[in-house]
Amino acid sequence: MTESLLKPGERLDDLQRNGLHIIQHPRAFRFGMDAVLLADFTRLRPRERVADMGTGTGILPLLLSQKQPDASFEAFEIQPEMADMARRSVALNGLSERIHVHAADMRAAYERIGRESMHAAVCNPPYGKRGGTLTNETAPLLLARHETDCTIQDITAACAAVLRTHGRLSMVFPAPRLLELLDAMRLSRLEPKRIRMVCARVDRAPYLSLVEAMKNARPGLLWLPPLIVYRQDGSETDEIRQIYHQA
């Protein structure tokens, strides 16, 4: 059964979380630590409907499905090949009734699932700024890593369109571009409520930011303690180990 779900060149990776596995291709975009940290940061309540805007291989709904066992997910991915890979990973893990993968542009998500229909949304967007230097990457990697025709403002607006009032958006974004993200959120009526900065070491500047915003909420921001990834000797901190190896 597992072999029948894999296509040539693909591999099956163990997520070390309740027996979950994910299909990935070595030459396509693969999830990294940022997705795992975002899943840990995201707060979900029982029976909530959650949109994943730009799901890639489906890593976020797979991880979040274990965090809240009766939540359901609508995952959007503009690249048909990636959406197909995510859909097969969902089927492999027996989660097709809870996770629905749409091969569609997130900016049209409201047309498929309805405006203001979601309790929460998550997004791990491209980090490369539009107009910046682009590397010689394949088209799938280029779309996954760089803003092309979809800006951070487009992304926050798309998330706001599907979130109900007081619905929550959780995102991970480069720390140097944090102000851009906060501006885009507020222009989309998404008020930043929780922020946690991620530092490689305790003596390093943050390189990632984890942000939760709430639609149509009053201002009021909670700064969480920074998340430190490595000790001075290069080993992972206890918190990172706990995040990665949850039962």
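Backbone, strand and cysteine notes

Q: Where is Asn18 found?
A: Asn18 lies in the loop between strand S1 (11-14) and strand S2 (21-24). This is a predicted model.

Q: What is the phi of Asn18?
A: Phi of Asn18 is positive, about 55°, although Asn18 is not a glycine.

Q: And His166, what is its phi?
A: His166 is also not a glycine, and its phi is positive, near 70°. His166 belongs to strand S7 (residues 163-174).

Q: How accessible is His166?
A: His166 has 47% relative accessibility, so it counts as partly exposed. The cut-off for exposed is over 50%.

Q: Switching to helix H4. What span should its 13 residues have, and how far apart are its end C-alpha atoms?
A: Helix H4 covers residues 80-92, and at 1.5 Å a residue it should span 18 Å. Its end C-alpha atoms are 18 Å apart, which agrees.

Q: Which residues of H4 are buried?
A: The buried residues of H4 are Met82, Ala83, Met85, Ala86, Arg88, Ser89 and Val90. As background, an α-helix has 3.6 residues a turn, so residues three or four places apart point the same way.

Q: What comes just after H4 with a positive phi?
A: Gly94 does, with a phi of about 70°.

Q: On to strand S8. How many of its ten residues are buried?
A: Nine of the ten residues in S8 (residues 190-199) are buried, so the strand is largely enclosed by the rest of the structure.

Q: How many bridges join S8 to S9, and do they run parallel or antiparallel?
A: Nine bridges join S8 to strand S9 (residues 206-215), and the two run antiparallel. S8 and S9 make a hairpin, with six residues between them.

Q: What about S8 with S10, how many bridges and which direction?
A: Two bridges link S8 to strand S10 (residues 222-223), and these strands run parallel. Ile195 stands opposite Trp223 in S10.

Q: And S8 with S11, how many bridges there?
A: Two bridges join S8 to strand S11 (residues 227-228), with the strands running parallel. Here Val198 stands opposite Leu227.

Q: Is Glu191 buried or exposed?
A: Glu191 is buried, with a relative accessible area of 12%; the cut-off for buried is under 20%.

Q: Which side chain makes a polar contact with the side chain of Glu191?
A: The side chain of Arg186 does, at 3.1 Å.

Q: What else does Glu191 touch?
A: Leaving out residues up to four places away in sequence, Glu191 touches Arg186, Glu212, Ala213, Met214, Ala217, Arg218 and Pro219.

Q: Last topic, cysteines. How many disulfides does a search of the whole structure find?
A: The search of the whole structure finds zero disulfides.

Q: Cys159, buried or exposed?
A: Cys159 counts as buried because its relative accessibility is 0%.

Q: And what relative accessible area does Cys199 have?
A: Cys199 has a relative accessible area of 6%, so it is buried.

Conventions:
Residues numbered from 1 in each chain as written. Predicted model: local features only at pLDDT ≥ 70, side-chain atom pairs only at ≥ 80, totals over all residues. Heavy atoms only, no water. Helix = DSSP H or I, 4+ residues; strand = E, 2+ residues; numbered from the N terminus. Buried < 20%, exposed > 50% of the residue type's maximum accessible area, 1.4 Å probe, protein only. Expected span 1.5 Å × (residues − 1). Pairing = 2+ DSSP bridges. Polar contact = N/O pair within 3.5 Å; in protein donor to acceptor, adjacent residues only side chain to side chain. Contact = heavy atoms within 4.5 Å. Disulfide = S-S within 2.5 Å.
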